[in-house]
Amino acid sequence: MSRNGKIKFNIWRNISPMKLILGGYLAIILAGSALLALPAAARGSGGTPFSDCLFTATSATCVTGLVRYDTFTHWSLFGQLVILGLIQIGGLGFMTVAILVMVLTGRKISLNQRSLMQNSISAPQIGGIVRMTKFIVGGVLTVELTGALLLSFVMIPEFGWARGIYFSLFHSISAFCNAGFDLMGGTSGKFSSLTGLFPGLGAGAAWYASVVIMLLIFIGGLGFFVWYDVLHRRFRLRSLKLQSKMVLSISLGLVVAGTLALAALEWNQPLYTDLGIGERINASLFQSVSARTAGFNTVDLTKMSEGGLVVMICLMFIGGSTGSTAGGMKTTTFWILCISVIVTFRRKKNIEMFGRRIDEGITRTASCVFMTYLLLGVGAGVIISAVEGLPFLTAFFESASAIATVGLTLGATPDLGMVSKLLLTFLMLCGRVGSITMLLAFSSDRRPTNSRLPLEKVQVG
């Protein structure tokens, strides 16, 4: 109790970090929804229904990219800037922004706040959190501005100086944050993503623009701590930490595997009928990179074969890396599960890679994350399919895109009813906050205890 007789209430001590992280994202989403609901945020008269504003704000804050309305044709410049601001906050993480504001205003950051920041960005340790925050913000701004500069060489000739600079900055932030929002609806048709941009640029410019966007997506999906490790070790790959080695190798492997799989499945299918050899390679590479949470597409996904859609769903579920702007169950989770299968077949007791042994308990966490994503994605797909009368694969594609915060769609999202819309909103929030964080936020705050029950073996498989 304070001197004036009032009870001091410290929110940081009375609420668990997981609940604060969830509450922070909810507060940002509600604030963004209120701004988008203003008449000035939409181009037409009458504004936008609040449920659609909530959906859009959730999609932007959770850096997903699923939309009810085309971003350029429906939202005004004010509305687009609100969406861009939500994307930036969502990409950085709200606690990163909060800590940065505290640093800039000279406020002292308590140990509890540092702990909250550690949970928010999946930091390996609490020490150096403020220094890491400055590195994250500086690195993000540097990469985004560099990406905007590179894109401007294509955007300015195509759209003029003012719109070209604005489009370059918007798409650079959206690509780096793995958000998937685009402004091409005014020139290529509503909900066209980047399908109309590249054919109009010519082969050379199309490859250039696609490579810039792919690099932004890839860098954003690696994770802040991987950047720091790579720069700190001065690109000496052998001296990197195990986490960085795992992320870099599996990320590159998934890009190659996804490209080869999509090219093999779609090469002679209707999706690539009108494309040349170089364009088919470009499209396969771009979709492989983008499917892991970015949400841009350069081809019409409604023409994709069922095999191609399954590959895209698998890539979406895997997603990016821990501590990055990307979603999904994360690359390290996927690799731990794969390695655990190999270890089981070889009858080894421990998971080992790159000359290191990994904690046995990590397999349980990886399995929990995988099952949570799978159950939520499949369950939501079944409900959406039943409610909307859609084929299950289409509904599952939409739900997987939401839970993995990707934003790719087969065109079903804009026409979904209220139940499906709210369900996708919940999935996007789960995907951005993280399945483990969401589960712990709704669980009790009791500390884990060791079981004292007798041990008995059970056969599986």
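Mentor: Let's start with a term: a residue is buried under 20% relative accessible area, exposed over 50%, and partly exposed in between. Keep in mind that this is a predicted model.

Trainee: What kind of aromatic pair do Phe-135 and Tyr-228 form?

Mentor: There are 11 aromatic pairs in the structure. In this one the ring centres are 5.2 Å apart, with 85° between the planes. Planes over 60 degrees apart get their own class, so the Phe-135 and Tyr-228 pair is edge-to-face.

Trainee: How many residues apart in sequence are the parts that this pair ties together?

Mentor: Phe-135 sits in helix α8 (residues 129-159), while Tyr-228 belongs to helix α13 (residues 224-232). The pair therefore ties together parts whose separation in sequence is 93 residues.

Trainee: And Phe-176 with Trp-227, what class is that pair?

Mentor: Here the centres are 5.6 Å apart and the planes make 50°.

Trainee: Which helices does the Phe-176 and Trp-227 pair tie together?

Mentor: Trp-227 is buried, at 10% relative accessible area, and Phe-176 is buried too, at 0%. As for where they lie, Phe-176 is in α9 (residues 161-176) and Trp-227 in α13, so the pair ties together helices α9 and α13.

Trainee: Which residue lies over the face of Phe-72?

Mentor: Phe-72 is part of one aromatic cluster with Phe-159, Tyr-166, Phe-167 and Phe-170. Over its face, at 4.8 Å from the ring centre, lies Arg-43.

Technical notes. Residues are numbered from 1 along each chain as its sequence is written. This is a predicted model: local features need pLDDT of at least 70, side-chain atom pairs count only at pLDDT 80 or more; totals for chains, interfaces and linings use all residues. Side-chain values use heavy atoms; hydrogens and water are left out. Rings of Phe, Tyr and Trp (its six-membered ring) pair if their centres lie within 6.5 Å; planes under 30 degrees apart count as stacked, over 60 as edge-to-face and the rest as tilted. Helices (H or I, at least four residues) and strands (E, at least two) are DSSP runs, numbered from the N terminus. Buried means under 20% relative accessible area, exposed over 50%, partly exposed in between (1.4 Å probe, protein chains only). A charge sits over a ring if NZ of Lys or CZ of Arg is within 6 Å of the ring centre and within 35 degrees of the ring normal.
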